[in-house]
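The stops below go one at a time.

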Amino acid sequence: MSSTSELLNNPEILRELIMDHYQYPHNHKLVEDDSYQSVHMASDSCIDDITVQSRIKDGKIEDIRFDGVACTISTASTSMMSDLLKGKSVDEASSIINQYFNMIDAKEYDPDVLEEAVAFKNVYKQANRIKCATIGWKAMQQMISESEGSDEH
Amino acid sequence: MFDVNEIRKDFPMIVNRPDLIYFDNGATTYKPQSVIDAIVGFYTGYTSNVERGDYETAAKADKAYDGTRKIIAKLIHAEPEEIAFNANITASLNQIAYGLSRMILKEGDVVLTTEAEHASNLLPWFRLQKDIGIKVEYIPVDRQGVCHIEDVKKAMHDKVKVVAMAHVTNVLGSVQPIKEIAAIAHENGAFMVVDGAQSVGHRIIDVKDMNIDFLGFSSHKMCGPDGVGVLYGKYKLLQQMEPVFMGGGMNARFYPDGNIILKDAPIKFEAGTPNIEGVIGLGAAAEYLMHLGMENIMAYEKDLRAYFAEKMLHLDNIDFYNPDNETGPITFNAKGVFAQDAAGFLGSRNICVRSGNHCAKILHDIIGTDQTIRASLYFYNTKEEVDRFVEAAKEISIENAIGIFF
């Protein structure tokens, strides 16, 4: 446990993680399947243009996928998000997303629940890249809230 | 005669931030002290509204505001009454599109443009396409974004009522042969509309010699303040054209039954209190440019760009898209590095460039990419800055782009 958190404090390791997730993004293929929700994130900036899909069933995120044209920070942060939130309950995922947004806003956060995603802890220093680091996370947050809305019906 | 080191002293941003290399002049430009002084002078010496000069400071404001028409007319070789002020070139192009839609355009008419236009010269026409059923057609451009006369002739036909294009394109800096194209447009009875955002303030502009009907440009891209644009139109056309905005200042009188008598052009295009400080600042900017000499500015920029282009061609890690253009931005990508990542890395080295999808259709179809980095120069940039830029450009890599976060 302590060795993992030491690793996640090492800038070299964090840089490598971003690099790996950018060059070999995980869950990087969309599916044509009606049981998936889909969010196209293209209106925040004229640069990043990604689509995130997820299948949420009985309060659990069964799968997350994404694809699109995006920078290192957008791609890697979305890739890590997909790894981290896949298999989590909607409640757990929402809490992790909140912790992640706290980190991005330079507020108090719990690094343990964010795992590799702590690689983006310094993004707040580059204000123009906050959109990049949150684009996939916002898409997932939107799908969670939509799924909760549809459960009520 | 043209001593760039002396010129640089005129710009407080350069004096205050010598650490920065500002190569984002296509987006906006630095302001010389004389422009800042003109604006401050208005607020500290003769603040008043315009067009009602019944007292001394108001008369002075009128003189400075209206006097700017003469200065701008001189810059672009027009008549003062052919110069209307608004918010920016986007306002000018919207006014032109709206005005022409009320004046002549009807269903089935064609507006001919190019594949290299900025959104501001497309979206107003797209709206007319939807609203009144005109058609927008495109003249093809070559790999450097240049539109050729043979292609203009081929694209021209009876239904074409307007030809609208940028003089210098914003993504690739291609200089279009406007004079020749205007002649073809006129032979076919079409109006010639020119987007001068990237050309006015960089080149000698002679609207009479080019024989164009309308021109728009923005103050902030030519050393002037933000929030001011210019609409040039041949006077008889401006007289025929209906303004977008109705309100105070632009009407001569109106009656309870709704009858309105508008003032003559250009005043009828300036409803409401205008951006007086901005127009006065724009006047100071145009005077500054003419004092340096547009010919000198053109020659200096051409030489600097050629120097820059030659250096960029020798970098193995760079895809450089527009080496042959003599003006405009150096448009490139670092191989394998997303444009915004590369721009972020350059930013960490105090180099200001713009990355992105520059709102022009041409990029994907012609260059084969959606995103580029644009390093755009002005007459106050130097070869030393280019050298520093080139050294930084060599170091653009994914590793270094991510490295800025640690």
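At what angle do helix H3 (residues 33-45) of chain B and helix H11 (residues 276-292) of chain B pack, and how far apart are their axes? The angle is about 150°, and the axes are 8 Å apart. H3(B) is therefore roughly antiparallel to H11(B).

Before you go on, some ground rules. This is a predicted model, in which local features need pLDDT of at least 70, side-chain atom pairs count only at pLDDT 80 or more, and totals for chains, interfaces and linings use all residues. Residues are numbered from 1 along each chain as its sequence is written, chains are lettered from A and ligands numbered from 1 in the order in which they are written, and side-chain values use heavy atoms, with hydrogens and water left out.

Helices (H or I, at least four residues) and strands (E, at least two) are DSSP runs numbered from the N terminus. Axes are lines fitted to C-alpha atoms, for helices over the stretch in contact, with angles from 0 to 180 degrees between N-to-C directions. Under 35 degrees counts as roughly parallel, over 145 as roughly antiparallel, 65 to 115 as roughly perpendicular, and the rest as oblique.

**Stop 1: the H3(B) and H11(B) contact.** Contact means heavy atoms within 4.5 Å. On the H3(B) side, select B:Val35, B:Ile39 and B:Phe42, among others. Facing residues in H11(B) include B:Ile280, B:Ala284 and B:Tyr288.

Stop 2: Select B:Pro266, in the loop between strand E10 (260-262) and H11 of chain B. The peptide bond from B:Ala265 to B:Pro266 is cis, with omega near 5°. Most peptide bonds are trans.

**Stop 3: H5(B) and H6(B).** Show residues 89-103 and 123-132 of chain B. The two axes come within 9 Å and cross at roughly 25°. H5(B) and H6(B) are therefore roughly parallel to each other. Among the residues that meet are B:Leu93, B:Ile96 and B:Leu100 in H5(B), with B:Trp125, B:Leu128 and B:Ile132 in H6(B).

**Stop 4: a phi value in chain A.** Select A:Glu115, in the loop between helix H5 (111-114) and helix H6 (130-151) of chain A. Phi of A:Glu115 is near 50°, a positive value in a residue other than glycine. Most residues other than glycine have a negative phi.
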